Amino acid sequence: MQKENLSTLINEIKDDIVAGMKKYNIPGMSVALVSKDGIVWTEGFGFIDRNKTREVNSDTLFWIGSLAKAYTTTAFLLAVQDGLVNLDDPLVKHYPEFNWNTRFGVKEREKITLRHLLTHRSGLQHFTQTTEPGAEGLFSFEKYISKINDSWQKFLVGERHSYSYSNAGYDLIPFVLQRITCMKFSDYVKKKIYEPLGMSRSIIGTANVLGNANWAKGHENDSEFDSAKFISPFIGAAGHYSSVNDMSKFIKMHLNNGIVDGKVFLKQELLEEVYTIPFAEEYELSTIGMGLGVVKNKYDGKLMLSFFGDGDGCFCGHRFIPELGIGLLLECNQIVDTMPFIAEMAEKIMSGLVKEKLGEVPEDVTINDKVQLPPTIKLDIEKLERLQGKYISRMMMDINIELKDQNLIFNYKGEEINLESHSESIFSTKVFPIIEFFKDEDGRPIKLKAIDSTGRIVILDYDGGPLDEKGPNKEEWKKFSNLYRFDFSSFCFYSYAIIKKGYLHLLTSMGSKDFRLNEFRDNIFFTADGQDVVFEKDRMLMSSSIWVKEDLDVEKIIRLTKESPSDVRTNTLSLRGLEEILRWIGKESEADKICNLIVD
């Protein structure tokens with residue numbers, strides 16, 4: 001693949017990046033197109049910060065977020081290759097002190113394997129606590145890991161539908177590697193990955209990048225992320241800084257079947273672990289896998305590795321197809337609303353590379369013609385009614401299923417979708433060829449599994465519906481009903497606990513969610529998707545965060561915007577979250593006042 005053959009595509013990429021940076025308020029970007037021989041074309045755009053201190057180039061370091069998981073997985077597999085550890089070793093073999101709070105029995109901790117950690121099947125929460133309210137900075141890596149022992153188990157370990165994305169699980173991998181290699185994780189990665197691949201600029205740990213002159217500062221809208229204040233402990237799940245020049249060498253290794261300079265860097269059987277959909281279900285063609293993102297529905301079913309990473313004010317992505325020997329990298333230092341743009345650019349670039357390689361862009365594979373279901377049937381209204389309700393995703397997509405004209409429907413991307421019944425539990429739609437409901441012994445829904453036409457599986461947990469009995473409306477719950485605040489970087493999130501239909505609910509601006517809380521024991525509740533919520537006198541605790549009670553004083557916020565504009569509560573993202581909460585609880589006039597403070 002030669003640069004001169006891609007001139008039209010490259011010119012289009014340049015134009016699209018310049019336009020996208022303006023539209024999405026992005027200070028700087030870098031891009032690289034990669035072949036088996038290395039970089040075909042690379043370029044930087046814009047600046048490392050708002051002050052235009054330095055132009056971005058192909059060596060500029062960006063926080064790569066969850067793309068770091070690819071390097072953590074590779075480091076672990078190299079330890080497997082060296083005979084130091086096995087994928088199916090129990091976690092407690094290498095970390096016998098590991099523990100957690102659990103609703104499922106003390107033996108659960110012994111079931112977790114290192115494979116479960118690498119594939120998000122451990123039952124661990126996504127995040128665990130990283131700081132104390134009012135404290136300066138974040139925990140050290142060691143203290144952060146110790147806090148995992150205070151977290152609550154989210155799902156059963158390794159069960160059929162136990163997948164739940166977990167940064168905490170990934171960060172246990174470097175902790176284990178440090179024990180078995182007797183090396184700091186950063187030193188081990190440098191020795192085993194960075195140096196052999198020639199990734200000379202890549203760095204693990206925010207503290208190690210602060211003095212680097214060619215480092216892109218992350219941004220949340222117009223605010224620069226305060227990396228010096230928030231030195232991340234996530235050295236396995238995130239916490240890596242790299243450039244498109246460096247990461248192209250990692251992709252090149254994959255495009256050459258694990259061979260580097262004529263020698264085996266990573267054995268084929270270990271590459272296959274990365275390229276395989278773990279714990280695959282029927283019709284499944286796409287998943288995150290072991291941190292690289294496994295996609296088997298694009299371009300006539302060719303294996304593509306595709307994943308994104310965000311955090312600390314940056315958003316990045318990689319895509320590569322080993323069979324065709326092509327790949328791409330994109331990095332930007334703006335986190336707000338940039339995901340659609342980076343995804344669109346990745347799609348356009350990869351299609352252009354595929355066309356150059358094959359002369360055409362093959363059609364994508366769907367499961368629509370492969371799915372075999374029983375004939376459609378007519379279900380009694382009572383059975384359909386029981387399936388109504390809100391189902392919440394463990395990642396992004398939530399849906400409300402309703403009964404309309406004797407059919408179950410839900411809204412998806414602004415369109416009303418009808419569910420056709422094939423049995424009391426199996427349904428289909430034009431968007432999701434398979435939707436399967438799982439129920440308890442009384443017929444109450446517990447969760448549903450939706451498989452879309454691309455072979456991507458989404459599990460959604462039942463949060464409540466119109467046929468549920470009214471909750472107990474306990475008197476002691478009233479003391480929990482309050483506004484809570486969690487400071488995060490340059491802005492804050494808000495949550496409000498409120499009693500609705502006899503149940504305690506948590507309305508939160510973190511992901512714009514309304515969770516019904518299920519009481520486990522006094523003061524301890526769980527959401528339908530397994531998140532713990534613990535109420536104390538003046539605060540609310542979740543495994544990932546500590547929220548402090550906040551007076552609902554709109555006039556105080558108005559004064560702060562004038563007197564203390566650097567206060568996290570005056571950040572545009574904070575104000576939007578507070579406005580959302582106020583509208584949810586019916587305080588429209590207060591919400592309008594907050595809305596008037598927001599400057600887009």
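This report describes the fold of one protein chain, from its overall form to single residues.

## Overall form

The structure is a predicted model. Its chain contains 15 helices and 32 strands. The radius of gyration is 24 Å, close to the 25 Å that the globule rule gives for 600 residues, so the chain is as compact as a globular protein of that length. Along the principal axes, the C-alpha trace spans about 70 × 65 × 50 Å.

Of the 600 residues, 58% count as buried. If we take contacts between residues at least 6 apart in sequence, 62% of them join residues at least 24 apart.

## Surface and charge

The accessible surface of the chain is about 25,400 Å². Carbon and sulfur atoms account for 47% of that surface. The chain carries 74 positive and 89 negative side chains. The centres of these two sets lie 2 Å apart.

Strand β16 covers residues 399-404, and β17 covers residues 407-412. The two pair in the antiparallel sense over 3 bridges. Glu-402 has Ile-409 of β17 as its bridge partner, and Lys-404 stands opposite Asn-407 in β17. The hairpin of β16 and β17 has 2 residues between the strands, and Asp-405 takes a positive phi near 50 degrees there. Next, β17 is joined to β18 by 4 bridges, again in an antiparallel arrangement. Here Asn-411 stands opposite Glu-416 in β18. The strands β17 and β18 also form a hairpin with 2 residues between them, and Lys-413 in the turn has a positive phi of about 55 degrees.

Strand β25 runs antiparallel to β24, with 6 bridges between them. Phe-486 stands opposite Phe-493 in β25. The hairpin formed by β24 and β25 leaves 2 residues between the strands, and Ser-489 in the turn has a positive phi of about 60 degrees. There are also 6 bridges between β25 and β26, residues 503-508, and this pair is antiparallel too. Tyr-496 stands opposite Leu-507 in β26. The hairpin of β25 and β26 has 2 residues between its strands, with a positive phi of about 55 degrees at Lys-501 in the turn.

## Positive phi in two loops

Asp-261 has a phi near 50 degrees, a positive value in a residue other than glycine. Asp-261 sits in the loop between β8, residues 259-260, and β9, residues 263-264. With a relative accessible area of 72%, Asp-261 is exposed.

Asn-473 likewise has a positive phi near 50 degrees and is not a glycine. Its loop lies between β23, residues 457-464, and β24, residues 483-488. Asn-473 is partly exposed, with a relative accessible area of 37%.

Lys-447 belongs to strand β22, residues 445-451. Is Lys-447 buried or exposed? The relative accessible area of Lys-447 is 13%, so it counts as buried, the cut-off being under 20%. Leaving aside neighbours within four places in sequence, Lys-447 is in contact with residues including Glu-159, His-161, Arg-394, Glu-436, Asp-461 and Tyr-462.

Leu-124 lies in the loop between α5, residues 114-118, and α6, residues 141-147. Leu-124 is buried, with a relative accessible area of 2%. Not counting residues up to four places away in sequence, Leu-124 touches several others, among them Phe-98, Trp-100, Leu-117, Ile-148 and Leu-172. Leu-124 and Gly-530 are 406 residues apart along the chain, and their C-alpha atoms are separated by 9.6 Å.

Note on methods: Residues are numbered from 1 along each chain as its sequence is written. This is a predicted model: local features need pLDDT of at least 70, side-chain atom pairs count only at pLDDT 80 or more; totals for chains, interfaces and linings use all residues. Side-chain values use heavy atoms; hydrogens and water are left out. The radius of gyration is taken over C-alpha atoms; the globule rule is 2.2 Å times the number of residues to the power 0.38. Buried means under 20% relative accessible area, exposed over 50%, partly exposed in between (1.4 Å probe, protein chains only). Contact means heavy atoms within 4.5 Å. Accessible areas come from the Shrake-Rupley method with a 1.4 Å probe; for residues, only the protein chains shown count as cover. Lys and Arg count as positive and Asp and Glu as negative; His and the chain ends are not counted. The place of a charge is taken as NZ of Lys, CZ of Arg, CG of Asp or CD of Glu. Two strands pair if DSSP finds at least two bridges between them.
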